[in-house]
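Okay, thanks for making time, everyone. I'd like to walk you through a few spots in this one, so let's get it up on the screen.

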Amino acid sequence: MISRILNSTAPQYYRLGKGVVFEGAIRNTASATVVHRRHASHERNVVQSPFGTVDIPAKNVTDYIFEGYEKYADKPAVTCGATKRSYTYGMTYEMTNRMARGLLSQKGCAMRKNDVLGLLLPNIPEFVPALHGGLLAGLSVTFANPLYTAEEVCRQFENAGVTAIVTLPMLLPVAEMFRTKVKQYKGTICIGGKHDLDKNIYGFEQFLKENHSSELPEIDCHKTAILPYSSGTTGLPKGVELSHYNLVANLAQGSHPAISKYYQPEYIDKKETILTIPPYFHIYGLNAILHSVLKSKNHIVSIP
């Protein structure tokens, strides 16, 4: 009885004896052929660049952009097209360092590595030290469209985990609204404003002049650097995590002499003034324009 049950329920290939080995071999060979064909198909879909491979250094994006800035320390880096307010490369880098130390200082915002800083700013020169001060401090940075409603800004900043904001006096009410929604809010840095410590507000200029003392951390180039948000065309805006390595890779691609004239021998010491319109809170305006211009040590003029 038991043998009848075993014989009736056993899969057919068990009763084939040696034939099962042959059948298995056929199946394995067929499977390998399918995998090989799929791999070959993927190989055909790889598009090779005519410019060859690109060397992508393992650096944080701030160090990569400002590399060699000392040679151009007295040359203009960023200028406001409306007010003519301008900073040289030396001033911009110094402001960036002071911003980073102030963000981490116990007498400043007392932020910690991997915290998230939110920027609510138009295209102004101070966007650079605000952003790169945050990155140099080991923070992740997100930025919102300053034309958003207060509710839209709060939703994005809550979603990103923001604990401090850099903004302008006219947008302080939005930052104040967000502050009431966050339990461990570290502070608001107001460009063009003054200290109001009762409300945890720091005037940008005074904040940088205070010479905060703090040790800047080592930065893993594969950690999240920025959190730009989609425009929300097919739904609510969604955050996109971009690492330092992602940003550096994109800049390295655009630095090829066949793509950018500013890396050709005859242009190495020729610097130009470049007007930009796309917003810095958009990844194209940020990395493809602002960062590319700073990397090539040209002069960028923005319209707020």
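When I say helix or strand, I mean DSSP runs numbered from the N terminus: H or I over at least four residues for helices, E over at least two for strands. Quick housekeeping: residues are numbered from 1 along each chain as its sequence is written, and side-chain values use heavy atoms, with hydrogens and water left out. This is a predicted model, so local features need a pLDDT of at least 70 and side-chain atom pairs a pLDDT of 80 or more, while totals for chains, interfaces and linings use all residues.

On pLDDT, the predictor's confidence in each residue from 0 to 100, the protein averages 88, and 86% of the residues score at least 70. Residues 1-27 fall below 50, and that stretch has five contacts (heavy atoms within 4.5 Å) beyond near neighbours in sequence.

Now, Thr79. You'll find it in strand S1, residues 76-80. Is Thr79 buried or exposed? Buried, at 10% relative accessible area; the cut-offs are under 20% for buried, over 50% for exposed and partly exposed in between, with a 1.4 Å probe and protein chains only. Leaving out neighbours within four places in sequence, its contacts include Lys84, Pro125 and His299. Its side chain also makes a polar contact with that of Ser86, at 2.6 Å. By polar contact I mean N or O atoms within 3.5 Å, one able to donate a hydrogen and the other to accept it within protein; residues adjacent in sequence count only if both atoms are side-chain atoms.

Last stop, helix H5, residues 127-136: ten of the ten residues are buried, so the helix is largely enclosed by the rest of the structure. After H5 comes Gly138, with a positive phi near 85°.
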